[in-house]
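Subject: Structure for your records

Hello,

Here is the structure I said I would send. My notes on it follow below.

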Amino acid sequence: MSIVDVRTPDPKRFIPGATGDWEVIIGMEVHAQVLSNSKLFSGASTEFGNAPNANVSLVDAAMPGMLPVINEECVKQAVRTGLGLKAAINNRSIFDRKNYFYPDLPQGYQISQFKDPIVGEGKIIISVGPDRQGQFEDVEIGIERLHLEQDAGKSMHDQHPSMSYVDLNRSGVALMEIVSKPDMRSSDEAKAYMTKLRSIVRYLGTCDGNMDEGSMRADVNVSVRRPGEGFGTRCEIKNVNSIRFIGQAIEYEARRQIGILEDGGSIDQETRLFDPNKGETRSMRSKEDAHDYRYFPDPDLLPLEFDDAFVEALKADLPELPDDKKERFVRDLGLSVYDASVLVSEKSIADYFEAVAEGRDGKIAANWVINDLLGALNKAGKAIEETPVSPAQLGGIIDLIKAETISGKIAKDLFEIVWNEGGDPAEIVEARGMKQVTDTGAIEKAVDEIIAANPDQVAKVQAKPSLAGWFVGQVMKATGGKANPQAVQALVKAKLGIEE
């Protein structure tokens, strides 16, 4: 593979060193576990959380005479993901044996794809920002390939004082290895890339993206160079399982390499691990090259072949993806790019918003979902799936505002009640006497009383009409926030002789 540098050096992404500026080059290999009920070459379950070695078939344990049989659903999931990455789909691909020995790899080799992967080149558009002006920058990151392979088992070193245990539940689970081109130039870009990739596979339903369960993890390749020079020697940081850790690992590793080079040293090509407790990377082993694995086509598996009709049928059933959804929200609902980006960041958030916005003002629905609902969820440490306020309940609150049954201030109080206690918003308003006062006679009486009690403030307003808001606030306070704000404002201006 020839590496092509497609990015123009950008000073705002440079890292200052003791002897001048440096540029970091980042590429990522993301292992995404395929969402399927059974493994890539066996019928064993893929369910997470089962007892150790409960999900192991004779094929997974590499018993003599056991032959792999391809799981068609895993193939479909890989093709769907390739289509979501706007990548070339290869109608013919080949499975290879990648040879290495480790206790959690029963076969002594991993079935993977080397020269002929199922998916070729594609791209992801990431948004980096906002900057100080609140602007986002769109950056295209190239995808080199996506291939299918088996996962290995898990070695456990903390179960016994003198022995290591092996759990083969994960052995043989289907993985998509999604390899980016070395197109990222900052830790922020790398985090945005991982966030976007996880969002895409979740929208597609091809991977659950649960990094804490190990179903999505990244090998991060980092090198540094002087701006405008050729690529430097890279180090690979293995199995990073958090977007935040990806950023921290890159920041540390770039600084480590810059320090070595500025001291006159050279970078060894090696595999490293990130220690999140210390916030640093440490050497694991020297980095292997492809020839070290002695790849050759797996003799037990025929080439994987399918026609264009197979691909087109999958393409026809693809869901709306984040970029298309964001564009629609901006175009059809009049949302800002920022608001639309927040709402499409997770499929579950976008689904919630669309349920609230159906038949209602999109901008108002977006404000409530982003500021009130997501704000409350973030404060409570809850995910959108755990929300105590359903789309119907939030929509009900918005409807009560539109009908002028309640004011915006009362709506905030009502949201708190629904969040904490549940219930139908309209029934709560009725039962607790929360309706706003729209009777102009009652509002006028309150306005008259406030004006009569504050002659000094009246004089100030006569001199400076913009101070009339003080009276509006006092009337709202006197009515417990129940007075219609528009009616109060109109009456205050009329009583004080302020022209519109």
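In strand β15, the bridge partner of arginine 97 is phenylalanine 296. Please keep in mind that this is a predicted model.

Strand β4

Arginine 97 also has a bridge partner in β5, namely isoleucine 111. On the β15 side, β4 is joined to residues 296–297 by two bridges, and the two strands run antiparallel. The pairing of β4 with β5 is antiparallel too, over four bridges. Strand β4 covers residues 96–99, and both of its faces are covered. Asp96 and Lys98 are buried on one side, and Arg97 and Asn99 are buried on the other.

Glutamine 113

The loop that runs between β5 (109–112) and β6 (122–128) contains glutamine 113. Is this residue buried or exposed? Its relative accessibility is 1%, so glutamine 113 counts as buried, the cut-off being under 20%. Two contacts of its side chain can be listed. Leaving aside residues up to four places away in sequence, glutamine 113 touches Ser93, Ile94, Phe95, Asp96, Ile118, Arg145, His147 and Leu148. Asp96 in that list is one of the buried residues of β4.

Helix α7

Helix α7 spans residues 347–357, and its buried residues are Ile349, Ala350, Tyr352, Phe353, Val356 and Ala357. Seen down the helix axis, these buried residues fall within an arc of 160°, so they line one face of α7. What lies over them? The cover includes α2 (187–204), α5 (322–333), α6 (337–344), α8 (362–380) and α9 (391–402). After α7 comes glycine 359, which has a positive phi, near 75°.

Cavities

How many cavities of 30 Å³ or more does the structure hold? There are two. The largest cavity has about 60 Å³ of space. Its lining is made up of Val59, Asp60, Leu105, Pro106, Gln107, Gln150, Asp151, Ser171 and Gly172.

Regards

Definitions and conventions
Residues numbered from 1 in each chain as written. Predicted model: local features only at pLDDT ≥ 70, side-chain atom pairs only at ≥ 80, totals over all residues. Heavy atoms only, no water. Buried < 20%, exposed > 50% of the residue type's maximum accessible area, 1.4 Å probe, protein only. Contact = heavy atoms within 4.5 Å. Arc of directions from axis to C-beta. Pairing = 2+ DSSP bridges. 1 Å grid on protein atoms, 1.4 Å probe; cavity = no way out; pocket = protein on both sides within 12 Å on 5 of 7 lines; lining within 4 Å. Points joined across faces, edges and corners; volume = space filled by probe spheres on them.
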